[in-house]
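Keep the structure open while you read. We start with a residue just past a helix, then take the helix, and then the sheet.

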Amino acid sequence: MSFTVDLILTDIPENNKDAWSFIEKLREEYYEDKSVAHSKLQEFHEVLTKKYPCLCSFADDDPEMENSPWADGPMIENFASKMGMVAIVWSRADEVFPFVLDSALALDIIVADGQSGKIYRPGM
């Protein structure tokens with residue numbers, strides 16, 4: 001099981017109920033979006049993997065892979081033109097999520113946490 005958050009680059013409704021409905025529709029588009037990751041998401045990926053390397057950077061037999069906080073990889077494949085997703089190993093979520101959140105907000109990326117129902121908007 002993993003702790004997954006949505007990363008959103010487009011404006012969403014202010015009202016959280018409307019925002020979650022919008023995010024659900026955006027997810028449907030996301031799963032069909034085969035475009036290259038938006039430049040902000042590419043920059044975000046670089047920030048995350050500089051601190052915590054992507055699973056794809058380890059050899060299959062590297063024991064350090066077990067210490068990675070990421071639940072899947074290559075992570076860059078989880079990013080598209082309007083949104084992306086990050087999956088954190090549940091046991092590391094308390095440690096890693098604050099870094100993910102701060103890094104995203106610094107790049108003006110909205111973070112939607114479906115586990116808590118919270119939406120974090122840059123500047124708020």
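Just after α3, Asp-108 takes a positive phi of about 65°. This is a predicted model, in which local features need pLDDT of at least 70 and side-chain atom pairs count only at pLDDT 80 or more, while totals for chains, interfaces and linings use all residues. Residues are numbered from 1 along each chain as its sequence is written, and side-chain values use heavy atoms, without hydrogens or water.

Helices (H or I, at least four residues) and strands (E, at least two) are DSSP runs, numbered from the N terminus. Helix α3 covers residues 93–106, which is 14 residues. The expected span of a helix is 1.5 Å times one less than its number of residues.

Which residues of α3 are buried? Buried means under 20% relative accessible area, with exposed over 50% and partly exposed in between (1.4 Å probe, protein chains only). In α3 they are Ala-93, Val-96, Phe-97, Phe-99, Val-100, Leu-101, Ser-103 and Ala-104. An α-helix has 3.6 residues a turn, so residues three or four places apart point the same way. The cover over the buried residues of α3 includes α2 (39–51) and the strands β1 (2–8), β2 (83–89), β3 (110–113) and β4 (118–120).

Now the sheet. Two strands pair if DSSP finds at least two bridges between them. The four strands form an open sheet in the order β2-β1-β3-β4, with antiparallel pairing. β2 and β4 are the edges; each has a single partner strand, so one side of each lacks a neighbour in the sheet. The twist averages 20° from one strand to the next.

β3 pairs with β1 over four antiparallel bridges. Here Ile-8 has Ile-110 in β3 as its bridge partner. Three bridges join β3 to β4, also antiparallel. Ala-112 is bridged to Ile-119 in β4. The hairpin of β3 and β4 has four residues between the strands, and its Gly-117 takes a positive phi near 80°.

In a regular strand the side chains alternate between the two faces of the sheet. From β3, Ile-110 and Ala-112 point one way, Val-111 and Asp-113 the other, and all are buried.

Key:
Contact = heavy atoms within 4.5 Å. Axes fitted to C-alpha atoms, helices over the stretch in contact; angles between N-to-C directions.
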